[in-house]
Amino acid sequence: MNIYRNRGNCPYDEHDDVTVHYYNPCIQCPTAPGTGPTGPIGATGPTGPTGPTGATGPTGATGPTGPTGDIGPIGATGPTGPTGDIGPIGATGPTGPTGDIGPTGATGPTGPTGDIGPIGATGPTGPTGDIGPIGATGPTGPTGDIGPIGATGPTGPTGDIGPIGATGPTGPTGPAGPAAPAALNSVLFNNQTTAVNDIASGANIPLSNTRLVGDDITYDPNTGVITINNDGTYLFVWNVLAAPTVATQEIPLVASLQEISTGEVLATSGNIKQTADTSTSITGVATVPLTAGEQVALVNTSNTTINLPQSTGTDSFTGSLTAVRIA
């Protein structure tokens with residue numbers, strides 16, 4: 001059967017016994033395409049003969065395993081097989097308990113002496129033995145080199161003042177000096193009338209009653225210090241009545257004119273006093289060039305403490321110091 005159809009949907013594509021020809025529009029025609037209207041579908045024809053058997057299809061998937069059947073009866077025992085090889089030695093079992101100690105065997109022969117072991121650590125020092133007898137004196141060794149000169153020792157105390165020497169012959173009269181200027185009229189006069197006790201060695205000797213003329217000199221009665229205000233040459237005259245504080249044999253009493261800032265001793269006078277019950281006079285004179293600003297004082301340079309006694313009478317005193325600018 002021939003079917004003519006277009007390339008759209010066509011019911012005749014469903015039949016196996018038709019030959020399809022493609023035209024447009026689809027029509028049923030025995031010989032050639034027509035252009036009339038489609039007729040009604042005819043009645044179904046009889047069933048054709050059975051075709052040949054088709055090729056065997058592929059094996060289907062294995063079905064699930066069925067349930068296990070009951071265990072059958074035990075069969076008769078077969079003959080004994082040959083003896084198998086000896087298996088490996090099993091692991092050693094745990095050690096059994098220690099048996100009782102057997103009787104002591106006979107003493108064996110003494111073995112050879114072993115090697116001497118290492119020397120042990122030194123033990124603690126034993127107590128010191130008794131001192132042995134003094135050995136004979138060895139021969140005198142050679143005299144060593146003379147060592148270096150040692151450091152100079154401290155200065156010893158001042159020795160006693162020696163006796164006053166005999167007066168030397170009077171020297172020739174020197175030439176007359178230049179006339180002093182009219183302005184050189186500064187004079188300091190001090191004296192002490194009341195007792196002063198315990199003037200220590202190195203302390204200034206106080207003189208409290210002061211008379212001063214001119215401006216070359218200034219005096220501080222609280223400290224006993226004389227201040228020089230102008231350069232020049234100054235004459236100092238002093239007289240002190242002093243006594244030691246303790247009774248000592250042959251003790252020298254010394255008074256010195258001393259520069260304050262440097263400690264330089266400008267002049268010294270002294271006397272020997274044997275006991276402390278009476279006083280002795282210390283008298284001194286000095287001419288000293290001084291510059292403005294320098295300070296001097298009359299100082300106890302004895303190696304002992306001294307006292308100045310109380311004066312008696314209206315014109316007496318226990319100490320005096322006069323200072324005059326002479327050039």
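Reader: What makes arginine 325 and aspartate 216 a salt bridge?

Author: In this predicted model, the closest N and O atoms of arginine 325 and aspartate 216 are 3.1 Å apart. A salt bridge requires a side-chain nitrogen of Lys or Arg within 4 Å of a carboxyl oxygen of Asp or Glu, and the pair is therefore called a salt bridge. In general, side chains of opposite charge can pair when their charged atoms come close.

Reader: How many salt bridges does the structure hold, and which parts of the chain does this pair link?

Author: The structure holds one salt bridge. The pair links distant parts of the chain: arginine 325 belongs to strand 15 (residues 319-325), while aspartate 216 lies in the loop between strand 6 (209-213) and strand 7 (217-220), and the two are 109 residues apart.

Reader: Are arginine 325 and aspartate 216 buried or exposed?

Author: Arginine 325 is buried, and aspartate 216 is buried as well. The term applies to a residue with under 20% relative accessible area. Across the protein chain, buried residues make up 21% of the 327 residues.

Reader: Why is aspartate 198 called exposed?

Author: The relative accessibility of aspartate 198 is 58%. The label "exposed" calls for a value over 50%, so aspartate 198 counts as exposed. This residue is found in strand 5 (residues 196-199).

Reader: What makes strand 13 mostly covered?

Author: Strand 13 spans residues 295-300, and five of its six residues are buried.

Reader: What secondary structure does the protein chain have, and what share of its contacts with a separation of 6 or more comes from residues 24 or more positions apart?

Author: The protein chain has zero helices and 15 strands. Of its contacts with a separation of 6 or more, 66% are between residues 24 or more positions apart.

Technical notes:
Residues numbered from 1 in each chain as written. Predicted model: local features only at pLDDT ≥ 70, side-chain atom pairs only at ≥ 80, totals over all residues. Heavy atoms only, no water. Helix = DSSP H or I, 4+ residues; strand = E, 2+ residues; numbered from the N terminus. Buried < 20%, exposed > 50% of the residue type's maximum accessible area, 1.4 Å probe, protein only. Contact = heavy atoms within 4.5 Å.
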